[in-house]
Amino acid sequence: MSPRPTLLDRRLLLFTGKGGVGKTTCVAALALEAARRGRRPLIVELGHRASMEGVFEVSEIGYTPREVGKGVWAMNLDFESALEEYFVEHIPVKRVARTVMRNKTLQKFFHAAPSVSEVAILNKLSTLEAEREGRKPRWDPIFVDLDATGHAIMLLNLPSVMNGLIGDGPMRRLIDGFSSLLKDPRKTQLSLVTLPRELPAQETVELYQRLVRQRDVDLGLLFVNQVPERPLSPNQAGWLDRVGQRAAEVGLNTLVDDVALARRAMRQHANARAQINRMRKDIALPIIELPVLFDASLGLAGLAEVGQQLVAKIEEASA
Amino acid sequence: MTTLDELLLSRKLLVAVGPGGVGKTTVSAALGLRAAELGRRTLVLTIDPAKRLADALGLTGLDDRIREVPTTSLAAAGVVVKGTLHAAMFDNATSMDSLMARVAPDNATRDKVLRNRVYRAMAGTLARSHAYLAMERLYEVMSSGHYDLVVLDTPPARNALDILDAPSRLASFLEEGVVKWFAGQKQGSGWRAKLMQGSGAAATKLFEVVVGKDLADETIAFFDAFYGMREGFHERAEATQKILRAKDTSFVLVSSADATHLADAEALAQGITSRGVPIGLAVFNRSYERLVANDPLSIITEAGELDIPSALQTLFQGDLDHIEREGMRSLLASLHGVRQAAAIGNARALGAIRKLAALLPKDVLMLIVARLDGDVRDLPGLHAMAPYLAVPRQLDGR
């Protein structure tokens, strides 16, 4: 009997969350761990700005996957290139396909037309998933950094939006194909990334509810980034009043400030815990907590280390 | 530019841009409040504020009407508001519909667009529409003459550059090549007719390959109807572009001191400057811990030493039993640990801010705000930001 697949066993690992919650670092750390385990992970960023360039300190991550460091590969899935590839694939006469793609006017048209960018992106993701080297998949696994929650919803929603609008044809086959890849829980999983603060937590709960209602994709884990450590033990906190009072009486001002600082840190810690508990109540996903100093400033070695601990934690949580 | 007050008194529009999750809306509201204190009739246009801030601004309704923010709660704190503070919140789907209705030349065109399935599928989800709507709303309030200063809080998207590009993108799309190519046919004028002939036929075919025939038809019908609105859009696009690039407009870059946020802020700043729009102000929000209560503006990066035995002696003389002494000793050690962590965090933050500041033009006014207590729940809470806004920061390495 094969054990239940854990995170890295999926083919397509999608990540979403509001901007600034640390998706990029999270994805980079997990990919580094996948590579350390002898896999060949590919990180796919969607079009806007290649954040991975900063993390891996390389310039120019383009449409063609390249190795960015420590066995991790990355690419920037921009819409124009994806569309061109799609045309070349689906239009029998290559010359026509290229002529049309070079037409600036038409490019603008496709930019403004609805769903075209989603279709082109989904097509490329399917292609990447299907790439083989011999009998093994070329990319293993594929991490997709979905820039914003809106983007994720739009992509995942595409099959249902299109259902009412498209008839038969290559498009239908593509959508159906992607739909089955997306809906297969052994292959695809969407994880959420958030912060233990009121607004991100609230938005994550709403996003989760929406995703559960739509049932387009298997939901994986909830990563909570920048979780503060408990600054004082409960025992220590019990002494705080007395120290604060005495320090004020004898004029040890630094200590008075320290007490105030500790109280603020305790409040921040308590708020973070409250938000995590609230998400634990409303979101039926395993929660993986990440420390405060988890960002690009750790450097690759630091990120790889966190990635190793992270995957160990994940495997423990799903065991 | 030397102080924030001078900026607030000399500008008609401030556009706050920055990555999500840095408190951009709070900063926008605090800037608006300060301007109102200075006597200006101020409007803060915001998108999707956190619930408590929305409550603080009185934006509890679901609609997007402009409301006056009562400032009486500030009088108790001795703060005089000489001007007025107004606020409004965007609501996407309904605003999009009313925008279409306003721009449409006649009711038939309006209905055609509003009923189109492609439009319906797009209207709620199209991320880019945020930017169009923000610009549309801005155009409206700026030309009303009701306000001396408008503070525009932009969508919390990484691609906030859409604010600068959105108006002209749609207009140029309608106006330039695409339209010349497809439109202007007498019989069955517009997209469909043109698409059916010559190179247009290839285009239709191609489009059908991508999205299928039904959706292609519906989309063409959508652009057909849209085309009828091009003049309306074009006018507004020109007007808003003019406003955004006016001398009395300043962009405000808002960021935290987190590495991720600063990287996004840097990309944004480059994008903005490369479009020929100057940044007047950079606000680094929630950037440091206050280590000294009576000097909250100091960004302290050295924790100093704590001699625990001597501190215990000063505090309690010999007045502790063994257990108390051990408890106190461990508490003081932890307290110092918290201070050290905060100082290290401050040093990191300051270093990261300096790095970004070095990339900004020399005349940009820099403000750094400490991590304040809790969320902003009311106007006095918002006013807690005031001391930090009053002090321009000189950053070495610039």
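## A buried strand in chain A

In this predicted model, the side chains of strand S4 of chain A are divided between two directions, with A:Val72, A:Ala74 and A:Asn76 pointing one way and A:Trp73 and A:Met75 pointing the other, and all of them are buried. Strand S4 of chain A covers residues 72–76, and because 5 of its 5 residues are buried, the strand is largely enclosed by the rest of the structure.

Which strands pair with S4(A), and in what sense? Strand S2 of chain A, residues 42–45, pairs with S4(A) in the parallel sense over 4 bridges, and within this pairing A:Val44 stands opposite A:Met75. Strand S3 of chain A, residues 66–69, pairs with S4(A) in the antiparallel sense over 3 bridges, and here A:Gly69 stands opposite A:Val72. S3(A) and S4(A) form a hairpin with 2 residues between the strands, and in this hairpin A:Lys70 takes a positive phi near 50°.

Helix H3 of chain A runs over residues 79–90, and its 12 residues reach 16 Å from the first C-alpha to the last, which is close to the 16 Å expected at 1.5 Å a residue. The buried residues of H3(A) are A:Ala82, A:Leu83, A:Tyr86 and A:Phe87.

## Chain A as a whole

The secondary structure of chain A comes to 12 helices and 10 strands, and buried residues make up 46% of its 319 residues. Among the contacts in chain A with a separation of 6 or more, 75% are accounted for by residues 24 or more positions apart.

## The sheet of chain B and its helices

In chain B, 8 strands form an open sheet of mixed pairing, in the order S3-S4-S2-S5-S1-S6-S7-S8. Its edge strands are S3 (67–68) and S8 (365–370) of chain B, each of which pairs on one side only. S3(B) is joined by 2 bridges to strand S4 of chain B, residues 84–89, and these two strands run antiparallel; the bridge partner of B:Arg67 in S4(B) is B:Ala87.

Helix H17 of chain B, residues 322–357, packs on this sheet, where it touches S7 and S8 of chain B and makes an angle of about 165° with the direction of S7(B). Helix H15 of chain B, residues 259–274, lies across strands S1 (13–17), S6 (249–255) and S7 (279–288) of chain B, and runs at about 160° to S6(B).

## An exposed residue in chain B

Is B:Thr72 buried or exposed? B:Thr72, which lies in helix H4 (residues 72–75) of chain B, counts as exposed because it has 8 C-beta neighbours inside 10 Å.

## Nonpolar cores

The largest nonpolar core has 76 residues, of which B:Val150 and B:Leu253 touch the most other members. Leaving aside residues up to four places away in sequence, B:Val150 touches B:Lys12, B:Leu13, B:Leu43, B:Leu45, B:Leu138, B:Val141 and B:Met142. A second, separate core of 74 residues includes A:Leu7, A:Cys26, A:Met52 and A:Leu290.

Methods: Residues are numbered from 1 along each chain as its sequence is written. Chains are lettered from A and ligands numbered from 1 in the order in which they are written. This is a predicted model: local features need pLDDT of at least 70, side-chain atom pairs count only at pLDDT 80 or more; totals for chains, interfaces and linings use all residues. A nonpolar core is a set of buried Ala, Val, Leu, Ile, Met, Phe, Trp, Tyr and Cys residues joined through C-beta atoms within 7 Å. A residue is buried if 20 or more other C-beta atoms lie within 10 Å of its own, exposed if 12 or fewer, and partly exposed in between; C-beta atoms are placed from the backbone. Two residues are in contact if their C-beta atoms, placed from the backbone, lie within 7 Å. Two strands pair if DSSP finds at least two bridges between them. Axes are lines fitted to C-alpha atoms, for helices over the stretch in contact, and angles run from 0 to 180 degrees between N-to-C directions. The expected span of a helix is 1.5 Å times one less than its number of residues.
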